[in-house]
Amino acid sequence: MPRIAYVNGRYVRHADAAVHVEDRGYQLADGVYEVCEIKRGYIVDERGHLDRLDRSMRELRMDWPVERKAMELILREVIRRNHVRNGMVYVQVTRGVAPRDHAFPTKPVRSALVVTAKRMDPRAVEAKAAKGMAVITVPENRWERVDIKTIGLLPNVLAKQAAVEAGAGEAWFVDPDGTVKEGASTNAWIVTKDGSLVTRPADHGILRGITRATVMKVADKLGLRVEERVFSVEEAQAAREAFVTSATSLVSPVVSINGKPVANGHPGSVARSLREAFFEIAEKSPTC
Ligand code: PMP
């Protein structure tokens, strides 16, 4: 059964899905995106992801390619055509197709929309989370507006590749003052000795993760304290636990940072409890 993608109004075989050579996303990374988890036939936190997509587009003065209601239907149609009950759906909007020029197109063009969906084996995902991941750190080298979820991801690509080459699962961007920003594709958290959760405030310095926001609600439900403040690499290495959050990794334990084990070097119980309670607390929208 072939995978199907949505490209600018058409459902096409994934293998044949393509955009124009002068799509501004392709040439200039002039676009934004979202990734939502799909679990047991539900889109997780769809409203939060589409609200953030809306904000990203507004910050960049881009228009919605279709009405929001139509977008919701397209997501569901792509999910349905790919028979995804567990996995993810990817949405990308670019400023459209226009003769190459850095400035915005002078003639109005419709923004371009691509949607893909992918099945993921929940057992494999759980097994990976149960193992935990190693993290390395890299110097922060991104622009100041990483609160906008743009497809301009070159620093993230290089950071993740450095992690892979070091046998790690994620790379944390670190400011010159030694404080942790976030991962290449995740938000970063630690658990202090007294059991509080710590994560960096979501100002312009990090992406305001949708999973991060839901984890705060889960923490509240579990009676855990959350402190939004900066923390250093040293504090993270000496923490009781560390973990990362994102739509695809949910809550994933970090077992070492730059080769130094976090606590006993095994996933901790706080991250596990947060992960277990996550789906119950998250907003779930049916896919059909
Ligand atoms: N930070 C970065 C840089 C990311 O790419 C992501 C993943 N989209 C996140 C944080 C986590 O965000 P979310 O929980 O919304 O997936």
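Analyst: Let's start with what lines it: the residues around the largest cavity split into five nonpolar, two polar and two charged. Here Ala, Val, Leu, Ile, Met, Phe, Trp, Tyr, Cys and Pro count as nonpolar, Asp, Glu, Lys and Arg as charged, and the others, Gly among them, as polar. By name, the lining is E37, V44, D45, H49, I210, T211, A247, L250 and F278.

A word on the model: it is predicted, so local features need pLDDT of at least 70 and side-chain atom pairs pLDDT 80 or more, while totals for chains, interfaces and linings use all residues. Residues are numbered from 1 along each chain as its sequence is written, and side-chain values use heavy atoms, with hydrogens and water left out.

Now, what counts as a cavity? On a 1 Å grid over the protein atoms alone, it is a set of points where a 1.4 Å probe fits but cannot get out, and lining residues have an atom within 4 Å of a point. Points are joined across faces, edges and corners, and the volume is the space filled by probe spheres set on them. That gives one cavity of 30 Å³ or more, and the largest cavity has a volume of about 40 Å³.

Where does it sit? Domain 1 (4–120) and domain 2 (126–286) both supply lining residues, so the largest cavity lies between them; those bounds come from an automatic or database domain assignment.

Technical notes
On a 1 Å grid over the protein atoms alone, a cavity is a set of points where a 1.4 Å probe fits but cannot get out, and a pocket is an open set with protein on both sides within 12 Å along at least five of seven lines; lining residues have an atom within 4 Å of a point.
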